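Please examine the structure shown below. The paragraphs that follow lead through selected elements and their surroundings.

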Amino acid sequence: MPLEAKNKKLLDEMLDYLRKSRDPEYRKKHPTVREGVGLAAPQTGNNLRMLVISYQVGEDQYIEYQLVNPRIVSNSVRKCYIEAGEGCLSVDEEHTGYVPRDFKIVVEAYDALLGENITITARGFDAIVLQHEIDHLNGILFYDHINKQDPFKTIPGAVVI
C-alpha cells in the first residue's frame with residue numbers, strides 16, 4: 001500500500017520528535033519537550049490511523065515502528081500493568097492507578113519504516129506501548145482504563161512491570 005508523501009513526512013517528523021525527546025541536551029534547550037516512547041497521529045492534530053514508537057531496549061538497540069492502520073488481531077487472557085502507572089505526552093495532569101493491559105498481543109499493520117505489511121507479536125512492556133498508542137487511534141486515553149473506585153486494585157494473575 002503506497003503511503004502519501006505528506007503522511008510519510010508526518011510519520012518521519014513524529015519519529016524524529018521521539019528520538020529527540022530522549023536526548024537530555026535537547027530537552028534542556030526545549031523545556032516543554034517531555035520524553036516519550038510513542039506518539040499517535042491524533043495527538044498531533046491529524047485524524048489518521050498512524051502511530052510511531054521508539055525506545056531503547058539495549059546498549060545500541062531500539063524498538064522503532066511507523067505503523068499505519070494497526071490492528072490488534074489477537075490478545076492473551078493474561079493481563080499486565082506498569083507498577084508506576086502510565087503517562088502520556090497528551091496528558092499533563094497525573095492520573096495514578098494501575099492500567100490493566102493484555103500481556104501479549106499480535107498486531108498487524110503497514111510499517112512505513114520497512115515499507116511493508118508486518119505482524120508484531122509483543123509481550124509485557126512492548127505490548128503495553130502498542131496498546132496505549134492504538135488506544136489513541138480509538139479516542140481512548142490510558143486513564144480510561146483505571147478502576148475509578150479502586151485505582152490500585154490488584155489484578156489477579158497479572159504480570160507487574
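In this predicted model, the cover over the buried residues of helix 1 includes helix 2 (24-29), together with strand 1 (38-40), strand 2 (50-56) and strand 3 (62-75). The residues of helix 1 that are buried are Asn7, Leu10, Leu11, Met14, Leu15, Leu18 and Ser21. They lie on the same side of helix 1, because they cover an arc of only 130° around the axis. Ala5, Lys6 and Lys9, on the other side of helix 1, are exposed. Helix 1 itself comprises 17 residues (residues 5-21), and its first and last C-alpha atoms are 24 Å apart, close to the 24 Å expected at 1.5 Å a residue.

Helix 3 (residues 125-137) is largely enclosed by the rest of the structure, since 11 of its 13 residues are buried. These buried residues are Ala127, Ile128, Val129, Leu130, Gln131, His132, Glu133, Ile134, Asp135, His136 and Leu137. The end C-alpha atoms of helix 3 are 19 Å apart, which agrees with the 18 Å that its 13 residues should span at 1.5 Å a residue. Just after helix 3, Gly139 adopts a positive phi of about 75°.

The surface also deserves attention. Val37, Phe125 and Ile161 make a nonpolar surface patch of about 200 Å². Of these residues, Ile161 belongs to the segment after strand 8 (159-160). Ile161 has a relative accessible area of 35% and is therefore partly exposed, a class that runs between the 20% limit for buried residues and the 50% limit for exposed ones.

Notes: Residues are numbered from 1 along each chain as its sequence is written. This is a predicted model: local features need pLDDT of at least 70, side-chain atom pairs count only at pLDDT 80 or more; totals for chains, interfaces and linings use all residues. Side-chain values use heavy atoms; hydrogens and water are left out. Helices (H or I, at least four residues) and strands (E, at least two) are DSSP runs, numbered from the N terminus. The expected span of a helix is 1.5 Å times one less than its number of residues. Buried means under 20% relative accessible area, exposed over 50%, partly exposed in between (1.4 Å probe, protein chains only). The arc is that of the directions from the helix axis to the C-beta atoms. Contact means heavy atoms within 4.5 Å. Patches are made of residues with over 30% relative accessible area and no salt bridge: like charges are joined within 9 Å, nonpolar side chains (Val, Leu, Ile, Met, Phe, Trp, Tyr) within 5 Å. Accessible areas come from the Shrake-Rupley method with a 1.4 Å probe; for residues, only the protein chains shown count as cover. A salt bridge is a side-chain nitrogen of Lys or Arg within 4 Å of a carboxyl oxygen of Asp or Glu.
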